[in-house]
Amino acid sequence: MKAAIEEALKGLNEGGIPIGSVLVHKGEIIGRGHNRRVQKGSVILHGEMDALENAGRLPAATYRECVLYTTLSPCPMCTGAILLYGIPKVVIGENQTFMGAEELLKASNVELTVENDKECIEMMQTFIQQHPVLWNEDIGE
Ligand SMILES: [Zn+2]
């Protein structure tokens, strides 16, 4: 989670939305990323998507041994990617400021750990206060 938070802060320093994610395979980080919608003018580069993209193409068997860490509860798009590739475990920094598609993940037998980490919560709440329009755009509102 520390690496995911580092990614989120990197995004914030770039003028982006502070959400970070890392893909971990057998204890080793194989992909890291952060939300780059603002930086790249992208419609799909949420933190989780960026981490998956940066990990590159992987065999299906590898995803099934991975854990995805993300600083914020995954939205329906990122949840779709998690389910598509069969990632069995997701560690979530917080779901207080935004509740993603956790019910769908649970219903699909993905193991979830929600840390409700103070740093993750503060980072998101401060950003949303300062940039409500950017945030609403990120979640399709
Ligand atoms: Zn997302």
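Which are the buried residues of helix α3 (residues 47-55)? The legends below start there. The model is predicted; local features need pLDDT of at least 70, side-chain atom pairs count only at pLDDT 80 or more, and totals for chains, interfaces and linings use all residues. Residues are numbered from 1 along each chain as its sequence is written, and side-chain values use heavy atoms, with hydrogens and water left out.

**View 1. Helix α3 and its cover.** The buried residues of α3 are G47, E48, D50, A51, L52 and A55. Buried means under 20% relative accessible area, exposed over 50%, partly exposed in between (1.4 Å probe, protein chains only). Helices (H or I, at least four residues) and strands (E, at least two) are DSSP runs, numbered from the N terminus. The cover over these buried residues includes β1 (20-25), β2 (28-34), α4 (60-63), β3 (66-70) and α5 (76-85). Contact means heavy atoms within 4.5 Å. G56 follows α3 and has a positive phi, near 80°.

**View 2. The zinc site.** H46 (ND1), C75 (SG) and C78 (SG) coordinate the zinc ion at 2.0 to 2.4 Å. Donors are N, O and S atoms within 2.8 Å of the metal (3.2 Å for Na, K and Ca); water is not among the atoms, so sites may look incomplete. Along the chain, the donor spacing is H-x28-C-x2-C. H46 sits in the loop between α2 and α3 and C75 in the loop between β3 and α5, so the pair ties together parts 29 residues apart in sequence. H46 and C75 are both buried.

**View 3. S42 in its loop.** S42 lies between α2 (37-40) and α3. Its relative accessibility is 13%, so S42 counts as buried. The S42 side chain reaches the backbone nitrogen of L45 at 2.9 Å. This is a polar contact: a pair of N or O atoms within 3.5 Å; within protein, one must be able to donate a hydrogen and the other to accept it, and residues adjacent in sequence count only if both atoms are side-chain atoms. Leaving aside neighbours within four places in sequence, S42 is in contact with R36 and R37.

**View 4. Two asparagines with positive phi.** N109 has phi near 65°. N109 lies in the loop between α6 (102-107) and β5 (111-114). At 70% relative accessibility, N109 counts as exposed. N116 has a positive phi of about 40°. The loop between β5 and α7 (118-130) holds N116. N116 is partly exposed, at 30% relative accessible area.
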